[in-house]
Amino acid sequence: HSAGFEAATTAFDLSRDDELAAFLSGRLATTGVTEAHLVAAIRHRLDAETLDWVDADGEIEARIAGPALRATSRTLGRHWLRAAREIFPGRHTEALSTAIAGPHQVAAFAATTAQAEVAADDAIRIHLHHLVTAVLGAAVKLHGLDPFRANALQLEQRRRCEAIVDEATAHAGEPWDQLPAPSGPLTEILAEAHAAADGRMFRS
């Protein structure tokens, strides 16, 4: 998975560092912010024992507009949960698997980190790390980006990621409808075309 990078390369030239950095910044400002707040909210409710997985699933679903990305999210969620139930078996992963047959990736990730006793703020950092490395890994494979330059670009996003972590943690206890959910409509549109494309290297 390329976090939308491969699809975006069909519409834009993302081979230069400044273009890649702009795309990465955009992904953090939209998907990164939205999913960070979802992870924080789920973890907060798990800690308070007030989480309803069905409600959480609906909130995640509402924030993913396109069918292709919804399907991808649930595929990744099933993979996460299958691994988590073997590696970190326990009440959180079992409760999610009982409530939702095919959970979204964000839900499965949050349940896994809770079961593994990863602190909520560190869980958000890990989630953002996955997003950044998905984009940069795709850039290495598709455009031959120097892997060391990819590492440098990842470090350049550190302050932005920490700001997202702080914001998400601070608002974790707010009602679902008060959580920020910025989106990139073009990303959703390109994802639909990408899902039907022949010869793609990445699933999304």
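Guide: In this predicted model, the helix that gives the most to the lining of the largest pocket is α4, with 8 residues. The pocket itself holds about 910 Å³ of space, and of the 39 residues that line it, Arg27, Thr31, Glu35, Leu69 and Thr72 are the closest to its centre. Besides α4, the helices α2 (17–48), α6 (105–115), α7 (120–143) and α10 (185–195) each supply at least two residues of this lining. By class, the lining divides into 17 nonpolar, 16 polar and 6 charged residues.

Helix α4 spans residues 67–87, and serine 73 lies in it. With a relative accessible area of 10%, serine 73 falls under the 20% limit and is therefore buried. Once its neighbours within four places in sequence are left aside, serine 73 is in contact with Ile64, Pro103, His104 and Gln105. Gln105 is also one of the buried residues of α6, and this leads on to that helix.

In α6, 11 of the 11 residues are buried, so the helix is largely enclosed by the rest of the structure. Among these buried residues are Val106, Ala107, Phe109, Ala110 and Thr113, and the buried residues of α6 pack against α2, α3 (53–62), α4, α5 (91–99) and α7. After α6 comes glutamate 117, whose phi is positive, near 60 degrees.

Helix α6 also takes part in the largest nonpolar core. This core has 54 residues, and those with the most contacts inside it are Ile42 and Trp53. The elements that give it two or more residues are α1 (5–8), α2, α3, α6, α7, α8 and α9, with the largest share, 12 residues, coming from α2. In soluble globular proteins, nonpolar side chains tend to be buried together. Not counting residues up to four places away in sequence, isoleucine 42 touches Leu51, Trp53, Ala56, Ile60, Val106, Ala107, Ala110 and Trp176, and of these partners Val106, Ala107 and Ala110 are buried residues of α6.

Between α2 and α3 runs a loop, and threonine 50 has its place there. At 55% relative accessibility, threonine 50 lies over the 50% limit and so counts as exposed. Although threonine 50 and glycine 173 are 123 residues apart along the chain, their C-alpha atoms are separated by 11 Å.

The side chains of arginine 70 and glutamate 61 meet in a salt bridge with an N to O distance of 3.1 Å. Arginine 70 is partly exposed, with a relative accessible area of 28%, and glutamate 61, at 21%, also counts as partly exposed. This pair belongs to a network of salt bridges that links Asp57, Glu61, Arg70 and Arg74. In the whole structure a search finds 12 salt bridges, and another of them joins the side chains of glutamate 19 and arginine 16, again at 3.1 Å from N to O. In that pair glutamate 19 counts as buried, at 18% relative accessibility, whereas arginine 16 is partly exposed, at 46%.

Arginine 125 counts as partly exposed at 28% relative accessibility, and aspartate 122 counts as partly exposed at 35%.

Key. Residues numbered from 1 in each chain as written. Predicted model: local features only at pLDDT ≥ 70, side-chain atom pairs only at ≥ 80, totals over all residues. Heavy atoms only, no water. Helix = DSSP H or I, 4+ residues; strand = E, 2+ residues; numbered from the N terminus. Buried < 20%, exposed > 50% of the residue type's maximum accessible area, 1.4 Å probe, protein only. Contact = heavy atoms within 4.5 Å. 1 Å grid on protein atoms, 1.4 Å probe; cavity = no way out; pocket = protein on both sides within 12 Å on 5 of 7 lines; lining within 4 Å. Points joined across faces, edges and corners; volume = space filled by probe spheres on them. Nonpolar A, V, L, I, M, F, W, Y, C, P; charged D, E, K, R; others polar. Core = buried A, V, L, I, M, F, W, Y, C linked by side-chain atoms within 4.5 Å. Salt bridge = Lys/Arg side-chain N within 4 Å of Asp/Glu carboxyl O.
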